[in-house]
Amino acid sequence: MPAAAALPDLDALTTALAAVAALPVEQAALAGLSDDRLLEWQAGVAQLTRSVQVRSAAVVGEIARRSAPELGHEGLARRTGHRTPEKFVAATTGVTEAEARTLVSVGAIMVNAAETDAAGPGSERTFPHSRPWLTEIGRAVARDELSVAKAEAIRNGLGDLPVVQLSASGGPAGAGEPGGAVGEAGAGGVTADDLAGAVLRLLAEAPELSADRLYRRARELRDELDAAGILDRERALRQARGIRRYRQPDGSTRYVITADPENAALIDETIDALTSPKRGGPRFVSKADLARAEAIERDPRTVEQLAFDGFMALLRLGVDADPGQICGSRKPAVRLLVAETELQKTDGRGWIEAQTVPVSMQSITRAMCESGIVPISFTDDGQTLRLGREQRLFNPKQRLVLAARDGGCIWPDCDRPASWCEAHHIEEWERDNGATDVPNGILLCRHHHLLLHDHGWSITRAHGQYWLIPPASVDPAQTPRPMPSRSKALTDLLGRTA
């Protein structure tokens, strides 16, 4: 890349932000504006926001370049304790992970466009998987002519080239099968030049379209270009199926289901069957169906609650019917943790493992009635179960205790649950003659376990508290960072302070 012009001093940026912060935002002042003036304000603020996002994407693109996967743990994101550039951006800027993914995606497009302009078409790129037909998008964003949201809408809407693959026999395989690579033209006949032309059309239309409408327009153009690729796109939609889980600040969990059309039809039919009478659905003739419909209509739950409870009932029925078939050898279990001191209180509380809000004593006693209890005793500093040197690996009972004590990976700011973690010896078994005792073990997710061993991080323990010591390359002072337990039940036991 060519030598870049000097960036403005950060003081200039701070001054500009201070000028924005000084603008009036009192509702009374805005209420006094005429419609035209109010819309001018809105347009100005939108332009300012877009400009800030564009520059943020440019910065994030450089962060992503310095965090490229081939750099391994030497990459910027991993070196500072984050698995991916998206995790790094989300943790250091306060944006959501979805927003971070968009910034990284568009930032990568901007980096590749700049590298192309510097070295010419066909040059080696930092992000080889960023498609060449997106180059004009990167240029438009860099010129402040296209917002980050619209750039991502075009990228997502147009998608990739069809995948050309070989089957086991050596002939062409279906595009949805694993093992293929993006070619210059796939089974549908669409080329990179076709998509580059579509990008130019979309950039011309972008000023008049919202990001959502631009995405739909991009999908329309892709369908026009690739009518023969219906099967490929059907397979792509099936490949995109999944469930995303988002922990909410209030303790609830939001699940986003992405379903291909065939599975969506089944889900829709199931929801309709569960909730139809509540939504004013068809009338029923048989006495049994009529009675059920009337019961649903009288049910105080909302349509959404009826659908949720119905799906949970179906899930429990499926798991109970044949847990080994669906979930392998381990049947899903909900573990409720409660300190013995809390059991003596009328307003005591417990915690569901890996969740962040307490549950009432009523729920605790109900669970004890249904499932019984498995007592785990802790010492005053939160330790127990010492097995000595006879055993190299932590056994299942110790892992259960570690899960109850740590509540998941206790690396600062990590949110991995206990079920995703590995047990780490603080005093290593081989090098330090460390015992396989619970006090000598903590839970770390695989990413942070590898980071610890490979890059000079260490952990110490004093008075029941664990401390993370960064390497000098990250913190020259090597200031210890606290590693508090994420287990709310243990917090209750040691004195309710959270």
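Student: Which handedness does the crossing of H8 and H10 have?
Tutor: The crossing of H8 and H10 is right-handed, meaning that the near helix is turned clockwise from the far one by less than a right angle. Helices here are DSSP runs of H or I with at least four residues, strands are runs of E with at least two, and both are numbered from the N terminus. This is a predicted model, in which local features need pLDDT of at least 70 and side-chain atom pairs count only at pLDDT 80 or more, while totals for chains, interfaces and linings use all residues. Residues are numbered from 1 along each chain, and side-chain values use heavy atoms, with hydrogens and water left out.

Student: Which residues of H8 and H10 make the contact?
Tutor: With contact taken as heavy atoms within 4.5 Å, H8 contributes Ala-149, Lys-150, Ala-153, Ile-154, Asn-156, Gly-157 and Leu-158, and H10 contributes Ala-211, Leu-214, Tyr-215, Ala-218, Arg-219 and Arg-222.

Student: And at what angle do H8 and H10 pack?
Tutor: Helix H8 (residues 148-158) and helix H10 (residues 211-225) pack at about 25°, with their axes 8 Å apart; the axes are lines fitted to C-alpha atoms over the stretch in contact, and angles run from 0 to 180 degrees between N-to-C directions. H8 is therefore roughly parallel to H10, a term for angles under 35 degrees.

Student: Staying in H10, is Arg-217 buried or exposed?
Tutor: Arg-217, which sits in helix H10, is buried with a relative accessible area of 16%, where buried means under 20%, exposed over 50% and partly exposed in between, using a 1.4 Å probe and protein chains only. Leaving aside residues up to four places away in sequence, Arg-217 touches Arg-201, Leu-202, Glu-205, Leu-209 and Glu-224.

Student: New topic: which residues of H3 are buried?
Tutor: They are Ser-51, Val-54, Ala-57, Val-60, Gly-61, Ile-63 and Ala-64, and what covers them includes helices H4 (76-79), H5 (85-93), H6 (97-119), H7 (135-142) and H8.

Student: Last one, where does Asp-413 lie?
Tutor: Asp-413 lies in the loop between helix H18 (396-406) and strand E9 (421-425); its phi is near 70°, a positive value in a residue other than glycine, and Asp-413 is exposed, with a relative accessible area of 82%.

Terms used: Angles under 35 degrees count as roughly parallel, over 145 as roughly antiparallel, 65 to 115 as roughly perpendicular and the rest as oblique.
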